[in-house]
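Please examine the sequence and the three-dimensional structure shown below. The briefing that follows is arranged by topic.

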Amino acid sequence: MKRKLLLALISATMFTGAYGGDWSTIKIGTEGAYPPWNGTNAAGELEGAEIDFGNEACARMGVDCEWVTQDWDGIIPALLNGKYDIIIAGMSITEERKEKVNFTNGYMNDGARFWTLKGSGLADMSIAGVTKVNMNNAGGKELAAVGQLIAAFEGKTICVQSSTTHANFASQYMSGNSVVKFYQTVDDHNLDLIAGRCDAVLSDVASAIDFMETDQGSGAVFTGPTFS
């Protein structure tokens, strides 16, 4: 999502099968623009839960960590090109990605939701009487919920970060009746929602909550079910 729904550490088979060599320093790729998992503070320093996690892991292994920031849409290609050794960047485990990289066990799964501005007419929608929709094994009830969402968002603009599972979902299900806009970072689509250039955003729950807890995002609320 991001993307994101099930997060994991990723390596290029550590790395194309070569376990030898000097691993006293490990280069870690991250986006640095996906709070609360990984972000950049006002001083230009990386921060967030995944940054803390990676630093702690390196300390326990007795190795030095070197963090490398990379735009999200190029984060796997940069790994495959040797820019860094491993990714810690809030990435969903998907079959498509598993064809290119190896994942550890997932360490978080908070789902994805649509969110909008209070008073927009889209807030707090009840969809098909369900609060959670598992798209991995979507049956009649799940597809009915998606159908209601498609109808509710007809003619609206939905904003998502590009190269994410959220973008895939929006492109597959929402683009026929809605306008789907793609953004390089979550900050970009968050600001467009506040500015009225989006009717709703689809992102992972934790990222949305992080923004909603700021003064700027205090006017945003979730709507519809949680998707996994």
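**Briefing on the predicted model**

S163 is partly exposed, because its relative accessible area is 41%; buried means under 20% relative accessible area, exposed means over 50%, and partly exposed lies in between, with a 1.4 Å probe and protein chains only. This is a predicted model, in which local features need pLDDT of at least 70, side-chain atom pairs count only at pLDDT 80 or more, and totals for chains, interfaces and linings use all residues. Residues are numbered from 1 along each chain as its sequence is written, and side-chain values use heavy atoms, with hydrogens and water left out.

**Confidence**

- The chain has a mean pLDDT of 88, and 91% of its residues reach 70 or more; pLDDT is the predictor's confidence in each residue, from 0 to 100.
- Over residues 3–7 pLDDT stays under 50, and the model has 41 contacts beyond four places in sequence for this stretch; a contact means heavy atoms within 4.5 Å.
- Over residues 12–18 pLDDT also stays under 50, and here the model has ten contacts beyond four places in sequence.
- Where pLDDT is low, the predicted coordinates should not be read in detail.

**The loop between β12 and α6**

- S163 is placed in the loop between β12 and α6; helices (H or I, at least four residues) and strands (E, at least two) are DSSP runs, numbered from the N terminus.
- The phi angle of S163 is positive, at about 60°, although S163 is not a glycine.
- S162 is placed in the loop between β12 and α6, and S162 counts as buried because its relative accessible area is 19%.
- Leaving aside residues up to four places away in sequence, S162 touches W72, A167, F182, Y183 and Q184.

**Aromatic pairs**

- Seven aromatic pairs are present in the structure; rings of Phe, Tyr and Trp (its six-membered ring) pair if their centres lie within 6.5 Å, and planes under 30 degrees apart count as stacked, over 60 as edge-to-face and the rest as tilted.
- The pair of F114 and F153 is tilted, because the ring centres are 4.9 Å apart and the planes stand at 35°.
- F114 belongs to strand β10 (residues 112–117) and F153 to the loop between α5 (140–152) and β12 (157–161), so this pair ties together parts that are 39 residues apart in sequence.
- F114 counts as buried, at 0% relative accessibility, and F153 also counts as buried, at 0% relative accessibility.
- A cluster of F114, F153, F169, Y173 and F227 is linked by ring pairs.

**Packing of α5 and α6**

- Helix α5 packs with helix α6 (residues 165–174) at an angle of about 80°, and their axes are 11 Å apart; axes are lines fitted to C-alpha atoms, for helices over the stretch in contact, and angles run from 0 to 180 degrees between N-to-C directions.
- This angle makes α5 roughly perpendicular to α6, where under 35 degrees counts as roughly parallel, over 145 as roughly antiparallel, 65 to 115 as roughly perpendicular and the rest as oblique.
- V146, L149 and I150 of α5 make the contact with F169, Y173 and M174 of α6.
- The contact of α5 with α6 has six nonpolar residues, no polar and no charged ones; Ala, Val, Leu, Ile, Met, Phe, Trp, Tyr, Cys and Pro count as nonpolar, Asp, Glu, Lys and Arg as charged, and the others, Gly among them, as polar.

- D188 is placed in helix α7 (residues 186–194) and counts as partly exposed, at 34% relative accessibility.
- The C-alpha atoms of D188 and Q161 are separated by 8.5 Å, although these residues are 27 residues apart along the chain.
- N190 is also found in helix α7, and N190 is buried, with a relative accessible area of 4%.
- Not counting residues up to four places away in sequence, N190 touches W115 and F211.
- Helix α8 (residues 205–212) is largely enclosed by the rest of the structure, because six of its eight residues are buried.
- Those buried residues of α8 are V205, A206, S207, A208, F211 and M212, and they pack against β10, α7, β14 (200–204) and β15 (220–227).

**Backbone features in other loops**

- The peptide bond from P35 to P36 is cis, with omega near 10°, and P36 lies in the loop between β3 (25–30) and β4 (39–40).
- D124, in the loop between β10 and β11 (132–133), has a positive phi near 55° and is a residue other than glycine.
- D124 is exposed, with a relative accessible area of 61%.
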